[in-house]
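Subject: Handing over a model

Hi,

Here is the structure I promised to pass on to you. Have a look at it first, and then read on for what turned up in it.

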Amino acid sequence: MSGTLHLIDHPLVEHKLTLMRQKETSTNDFRRLLDEISTLMAYDVLADIPMHEIKVETPMEVTTGRVIDGKKLVFASILRAGTSIADGMLAVVPGARIGHIGLYRDPKTHIAVEYYFKMPKELSERDVVVVDPLLATGHSAIAAVDRIKEYQPRSIRFVCLLTCPEGVKALHDAHPDVSVYAAAMDRELNDDGYILPGLGDAGDRIFGTQ
């Protein structure tokens, strides 16, 4: 199945994203808003996640209901900023497993360099949601998906707050089967590889660093 771009433009998501963009938003508020947006986005991102039927005994009678298997779902967080999105999504899928991919961007080439990789076992039986606040140049996203595909998961999707035409094109050129879910598509990248108008460096704003 070909990957597509899904823009999650729910009013609550748009409202919170606008507050996050403001440069005067505090670290605490930025972190809280990201957690809230991530939880809201999870409803769209997981709309087609596999389900199965189980027997349920209500106070009235025995019936059947459909459930997801949270243990088959993996949130793969691109360090360091992706952890905040994973935490927000865990609020609605607490049984999900968590993987971590440590990448840093070379300041001159903008190429992603891996320094850490740890995933749950048996990825071939799992659906993986790669999370990172920004899909800018696409280098980190491509590197993360490259590594995860080595383990042949059932499916991979990519979730971010913001992206831009350059980032979406780069990821889809490299991995046309991976769908992208974003709260907004911004105008462009600047010469330093940052999204415009954007919201700045997500990691610095989450953790209060510079």
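A word on accessibility before anything else: a residue is called buried under 20% relative accessible area, exposed over 50%, and partly exposed in between, using a 1.4 Å probe and protein chains only. This is a predicted model, in which local features need pLDDT of at least 70 and side-chain atom pairs count only at pLDDT 80 or more, while totals for chains, interfaces and linings use all residues. Residues are numbered from 1 along each chain as its sequence is written, and side-chain values use heavy atoms, with hydrogens and water left out. Helices (H or I, at least four residues) and strands (E, at least two) are DSSP runs, numbered from the N terminus.

**The annotated domain**

The UniProt record, an unreviewed entry, places the feature "domain: Phosphoribosyltransferase" at residues 8–209. UniProt positions are given in the numbering used here, feature names are shortened, and annotations may be inferred rather than shown by experiment. Across residues 8–209 the chain is 33% helix and 31% strand, with 29 Å between the end C-alpha atoms.

**Aromatic rings**

Rings of Phe, Tyr and Trp (its six-membered ring) are paired if their centres lie within 6.5 Å; planes under 30 degrees apart count as stacked, over 60 as edge-to-face and the rest as tilted. That rule gives two aromatic pairs. One of them joins Phe117 and Tyr151: the ring centres are 5.8 Å apart and the planes are at 15°, so this pair is stacked. Phe117 belongs to strand β6 (residues 112–118) and Tyr151 to the loop between α4 (139–149) and β9 (155–163), so the pair ties together parts that are 34 residues apart in sequence. Which of these residues is buried, and which partly exposed? Phe117 is buried at 17% relative accessible area, whereas Tyr151 is partly exposed at 41%.

Phe117 has a charge over its ring as well: Arg147 lies over the face, 4.0 Å from the ring centre. The test for this is that NZ of Lys or CZ of Arg is within 6 Å of the ring centre and within 35 degrees of the ring normal.

**Two crossing helices**

The axes of helix α2 (residues 27–45) and α3 come within 7 Å and cross at roughly 65°. Axes here are lines fitted to C-alpha atoms, for helices over the stretch in contact, and angles run from 0 to 180 degrees between N-to-C directions. On the α2 side, Leu34, Asp35, Ser38, Thr39, Met41, Ala42 and Val45 meet Ser84, Ile85, Asp87, Gly88 and Met89 of α3; contact means heavy atoms within 4.5 Å.

Which residues of α3 are buried? They are Gly82, Ser84, Ile85, Ala86, Gly88 and Met89. Their cover includes α2, β4 (73–79), β5, β7 (127–131), β9 and α6 (202–207).

Thr25 sits in the loop between α1 (11–21) and α2. Thr25 is buried, with a relative accessible area of 15%. Leaving aside residues up to four places away in sequence, Thr25 touches Leu19, Phe30, Leu33 and Arg205.

**Backbone points to check by eye**

Most residues other than glycine have a negative phi, and most peptide bonds are trans. The peptide bond from Leu79 to Arg80 is cis, with omega near 10°, and Arg80 is in the loop between β4 and α3. The bond from Leu196 to Pro197 is cis too, with omega near 0°; Pro197 is in the loop between β12 (195–196) and α6.

Glu122, in the loop between β6 and β7, has a positive phi near 55° and is exposed at 52% relative accessible area. Gln152, in the loop between α4 and β9, has a positive phi near 50° and is exposed at 62%.

**Two loop residues**

Pro94 lies in the loop between α3 (82–90) and β5 (97–105) and is exposed at 65%. Pro94 and Lys71 are 23 residues apart in sequence, and their C-alpha atoms are 9.0 Å apart in space. Lys108, in the loop between β5 and β6, is exposed at 78%. Between Lys108 and Asp192 there are 84 residues of separation in sequence and 8.9 Å in space, C-alpha to C-alpha.

Best wishes
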